[in-house]
Number of protein chains: 2
Amino acid sequence: VATSDGGVAIGVDVGGTKALGALVDTQGAVLTTHVVPTPAEGEPLLDAIAGLIVELAPAGRELLGVGVGVPGLVDGAGVLRFAPNLPEIVGLGVTAGLRRRLPDGVLPAPARLVADNDANCAGAAELGFGTAAAESDVVVVTLGTGIGGAIIAGGTLVRGANGFAGEIGHMIVQFGGEPCQCGKRGCWERYASGSALGRFAREAAAAGRVPGILAAAGGDVDAIKGEHVTEAAAAGNDEAVALFDELAFFLAQGLANLAAALDPGLFVLGGGMIRAGEALLEPTNRCFATLLEGAEHRPIPGIVGARFGYLAGAIGAAALALGVGAAE
Amino acid sequence: VATSDGGVAIGVDVGGTKALGALVDTQGAVLTTHVVPTPAEGEPLLDAIAGLIVELAPAGRELLGVGVGVPGLVDGAGVLRFAPNLPEIVGLGVTAGLRRRLPDGVLPAPARLVADNDANCAGAAELGFGTAAAESDVVVVTLGTGIGGAIIAGGTLVRGANGFAGEIGHMIVQFGGEPCQCGKRGCWERYASGSALGRFAREAAAAGRVPGILAAAGGDVDAIKGEHVTEAAAAGNDEAVALFDELAFFLAQGLANLAAALDPGLFVLGGGMIRAGEALLEPTNRCFATLLEGAEHRPIPGIVGARFGYLAGAIGAAALALGVGAAE
């Protein structure tokens, strides 16, 4: 039996394809994690999240709270109003649905249960425990199936009039461009997310340019996903590095747009794609410096990896449940 | 001799083509204005602003402060670092240069002298005295020769790490699009500013589609400017209304981008172009509603005219000098 040495929180980061739960202490350290696939519909999704929470519930330590990050617009009442990458899910009461599902005793009475946008969670992690802790103005960009964001201005997480701020992946960078699941065309995330990376890789594979990545995906062009490229880049594969170079151009354009609007002192990149490390960061910093308005007349903000890598969303969901890193 | 009935401030709004000075009371009421052309170089520009201040200096009332709004990146020391629409001007010490030029006694010792981005000034006017006073999250968009912006989040003017936030006109909305004076391509202000309106009108005139506007510009296609279209639209001219319909599509795309990032409860449009009134606002609201992400799942923010119309920048510069509407 584990001894009680301080309270803990559970954070769950729901992505477009998988949900990652983490048991986190009050210093932001991850004690254990668990991953399940993301169901496409609301009730099965709540079942899966509840299952993760039960799986992670600590035996001998006090559970101080549970936070859930979901990939879409979450209002102040914990309702997921709309999720572009989970189109079947609309108006899902996340916190209410979880309360109904959790067995007695899993979540003790004083413990907090909160839901927020997954990218706001990633921002809260960096603000509370990570790379953003020393900066007043930061944009945290989460690069996964789509692109999410958390905007910190003057030390505060910007939430907007309805709590929906930070949906930066749906800023249009190309009039009439690639169709997006949100219904618009030319959204940034169609050019600079993990799905965009997968598309670039499939195009390159069809043209015979990336035989190694094609082999890693079992020789089937249509089976290539962004993750194959990210893993290959992390291992130093040249084909993958070239694809990240292509993606960095589009990523940097969107970051330059955010710099024009918000003048952050730092960009923090998180999400699954950051596992590519310098293959992502080096070309992005290089392109960004050529695009920043008035770059010769101002400091150029750094673009760095999130401290917590792909765990940032889960740690930040836990941080919000702990009351750390939240606005106000 | 005017009796002393309360202190006043002077606000100067420097645009790409003209500089407008206003004498303003502590309630935001404009007592008098004066306009001069904007010189393209730094020292003559400071001479012109100093001349405006002397012209407007009140005879019988206490001058509490002078604020100057300039169209570019202004740092915390009152230095205009870079102005995309005034490319000759770099590193101009605005407040220091004005102090040297103002005759003794014009600016009494306790009076404040401040310089800020012109669009931040417009935001301060609306935040202090205008349409933004009741909202916590607002984007004020200034439509003139270029596009400027002021972002208010959680009731505070967002200034960024260097004071350069709000340069929303230089967000790229079209990869490889129209060249911009900032050195990039495809900036939003190339599609939705007064200069863009002038370009659309010249193209339409060359194609024989806007004979009335062509006549108003003396029959010379190259002489058509955005102002001709704005004045014609304000007078209900159908040709001008159709051109605003064209521009509104591009304007709304950029506003939807800002809504995705910032989730404001209200957009306030200012600058010279707002004189077109409903010819600008109606099609912009209509297009915006079709572009807002998840529009059926959230309140749709209104897009309204600035309370102070084309005077907002000058009133806001005065407001900042009065300590009204500033952040912190």
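1. Salt bridges across the contact. Between chain B and chain A the count is 0 salt bridges, a salt bridge being a side-chain nitrogen of Lys or Arg within 4 Å of a carboxyl oxygen of Asp or Glu. The model is predicted: local features need pLDDT of at least 70 and side-chain atom pairs pLDDT 80 or more, while totals for chains, interfaces and linings use all residues. Residues are numbered from 1 along each chain as its sequence is written, chains are lettered from A and ligands numbered from 1 in the order in which they are written, and side-chain values use heavy atoms, without hydrogens and water.

2. Polar contacts. Chain B and chain A share 22 residue pairs in polar contact, both residues at pLDDT 80 or more. A polar contact is a pair of N or O atoms within 3.5 Å; within protein, one must be able to donate a hydrogen and the other to accept it, and residues adjacent in sequence count only if both atoms are side-chain atoms.

3. Elements on the chain B side. β6 (79-82), β10 (147-153) and α8 (238-262) of chain B each give two or more residues to the side that touches chain A. The largest share, 6 residues, comes from α8(B). Helices (H or I, at least four residues) and strands (E, at least two) are DSSP runs, numbered from the N terminus.

4. Extent. The contact (heavy atoms within 4.5 Å) takes 43 residues from chain B and 43 residues from chain A. The two chains bury about 4000 Å² between them, 59% of it on carbon and sulfur atoms. This is the accessible area (1.4 Å probe) lost on putting the two parts together, summed over both. In chain B, B:Phe175, B:Glu293 and B:His297 lose the most area to chain A, together 20% of what that side buries.

5. Cysteines. There are 0 disulfides over all chains, a disulfide being a pair of cysteine sulfur atoms within 2.5 Å. The sulfur of A:Cys182 has its closest cysteine sulfur in A:Cys187, at 3.7 Å, too far for a bond. A:Cys182 is buried at 14% relative accessible area, and A:Cys187 is buried at 0%. Buried means under 20%, exposed over 50%, partly exposed in between (1.4 Å probe, protein chains only).
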